[in-house]
Amino acid sequence: MSSCEPSIFRQPTLEGAVVQSVSAQLVTNYSRQVTPVYYPNHDGLQVKNASFCNVTVSYTHQGQDGLVSVETWLPVDSWNGRLQVAGGSGLGPGRFDMSYGNMAGAIAEGYATSSTDAGIADPLDPYSWVLESPGKINEVLVRHWGGDILNDMAIIAKSAIQDFYGRPAAYSYFNGCSQGGRQGFELAQKHPTAFDGIAASAPAIHWAQWAPAMFWPQMLMNVMGEYPHSCELNLLTALAIQECDGHDGVVDGIISNPGACSFDPFQYVGTNFTCLREGRTMELSRAAAVIANASWTGPTDSDGNFIWYGLNHGTDLSSDATGTGIAATACTNSVCKGDPIPLAYQWIQLFVEKDPNYDYNAITRKDYDDIMRRSGAELDPIVASSNPNLAAFYQTGGKMMTYHGLYDQVIPVQATRQYYDDIREFVPEVQDFYRFYEVPGLAHCFGNGQPTTVFDALRAWVENGTVPGSLPSTLIDVYGRESNRIICPYPERVTFVEDCGDSTDAACFTCTTA
């Protein structure tokens, strides 16, 4: 192992790029508490007094403005001989707090790790970088964000490892969820030799569809001029769970078989109930039934034709449970207004309309049809990561694993399921290299039921040939009981063994194809 000095690191060879600088800094006594929120596919852990060489390579592409930086952390004393690259989150490709948490977890477990900013100085402020000028996106940065620089990160990280340790990484992995999940799929599709294993969960691979789809119930509320109180949406969610909970054989307040749920919210219109938040009695409005039903069925065009998938019954629509809800409203003195997810209207303003001042609250039904159409037509060629042809990744021996929550409140799990099914057209043996797990009770990426052994299973598959089967999952049911469960590789489904009797014991569940 060499000393942490810039002079030991060669300038990596990047196609069409010019390296502007290479810096190296020794970091000592680094400590951080890392929860599974920051370290998807893993359990949480504590980083204590870690030492690593922080190598940052900055480069430009010929004929393009913008400086891209890749940051690589190289453990000084405890390298396990492997690379685990950290994916991004939201509109952030990397090199910000979420990615740094992911990198910290990797360092704590002995991995070298890396992250790229894709040339975006402030990933938390899309208004600062998406548009080159009003009416024109910054195509260079948007393409970088979309993934055309991801392979550069792999090359740079591997080069730094060779220079610092004097040998290559024995195995290379990618780890991410949401945006990070999308990046993992982008790599498998376009750079199949970059990584041996990819853990890519709740993947945002259909960005041009799901991002504006999040605005669907907000648009409907604006058109109707009615904004249901969160208590109304929460009541309908609770009633849906009450009706459909037992379809999976266990009454635990969680819908584990949402495909069997056909709950009709309109039957409860006019019902009186107590809203605890307001401390008063309310009457369930027809508008609440319309918005809840639209959130579950998903966007349609003005003629009622399918545009995109909806969310499963049981998912948080109001944001009260998770902090994020596509049908959220904000109410003051019993007067409510829409409270859209920022990413939804930012996508419409910046990526589709290319106008930071575009009034998203004035969108009509016809406007929305056009927005959804143009989003896919104009932006899929730049940001889509949904090509199901993973034949090259399969042929190189790559392995991939994904989990996706059945209660994901922003990215419908149905789209990931459809993608997995579509892979079979190109690789009928999809189970030989890719395992996909649907997780009951889990919201977007993290929370109740989040699997924490996915990456370990991936590593065992890559390095030892241990084919993943069911994986453990722990969730808290509606009664406050900690329940040990399993999750199953799709198309298998978790099934309760009734004769076993104990729904808190993982041994009482099995995987079936029925």
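Predicted model: local features only at pLDDT ≥ 70, side-chain atom pairs only at ≥ 80, totals over all residues.
Let's start inside. The largest nonpolar core has 70 residues, and those with the most contacts inside it are Trp 207, Trp 210, Phe 215, Trp 347, Phe 351 and Ile 363. The elements that give two or more residues to this core include helix H5 (207-213), helix H9 (342-352), helix H10 (365-383) and strand S10 (272-275). Apart from this core lies another one, of 52 residues, with Val 19, Val 57, Phe 195 and Tyr 420 among them. Zoom in on Trp 210 and, leaving aside residues up to four places away in sequence, you'll find it touching Ala 204, Trp 308, Leu 343, Val 410, Ile 411 and Pro 412.

Strand S10 is worth a stop of its own. Phe 273 and Cys 275 make up its covered face, while Asn 272 and Thr 274 sit on the uncovered one. S10 pairs with strand S11 (residues 280-283) in the antiparallel sense, over four bridges, and Asn 272 has Glu 283 as its bridge partner there. Four residues lie between the strands of this hairpin, where Gly 279 takes a positive phi near 65°.

Now look at helix H13 (residues 454-464). Its buried residues are Val 454, Phe 455, Ala 457, Leu 458, Trp 461, Val 462 and Glu 463. They pack against a set of strands, including S4 (82-86), S8 (171-177), S14 (399-405) and S16 (471-476). Just after H13 comes Gly 465, with a positive phi of about 75°.

Val 478 belongs to the loop between strand S16 and strand S17 (482-487), and it counts as exposed because its relative accessibility is 55%, where the cut-off is over 50%.

Most residues other than glycine have a negative phi, and most peptide bonds are trans. Asn 49 has a positive phi of about 50° without being a glycine; this residue lies in strand S2 (residues 45-61) and is exposed, with a relative accessible area of 54%. Ala 202 is another residue other than glycine with a positive phi, near 40°. Ala 202 lies in the loop between S9 and H5, and at 1% relative accessibility it counts as buried. Finally, Tyr 490 and Pro 491 are joined by a cis peptide bond, with omega about 15°; look for Pro 491 in the loop between S17 and strand S18 (493-496).

Key. Residues numbered from 1 in each chain as written. Heavy atoms only, no water. Core = buried A, V, L, I, M, F, W, Y, C linked by side-chain atoms within 4.5 Å. Buried < 20%, exposed > 50% of the residue type's maximum accessible area, 1.4 Å probe, protein only. Contact = heavy atoms within 4.5 Å. Pairing = 2+ DSSP bridges.
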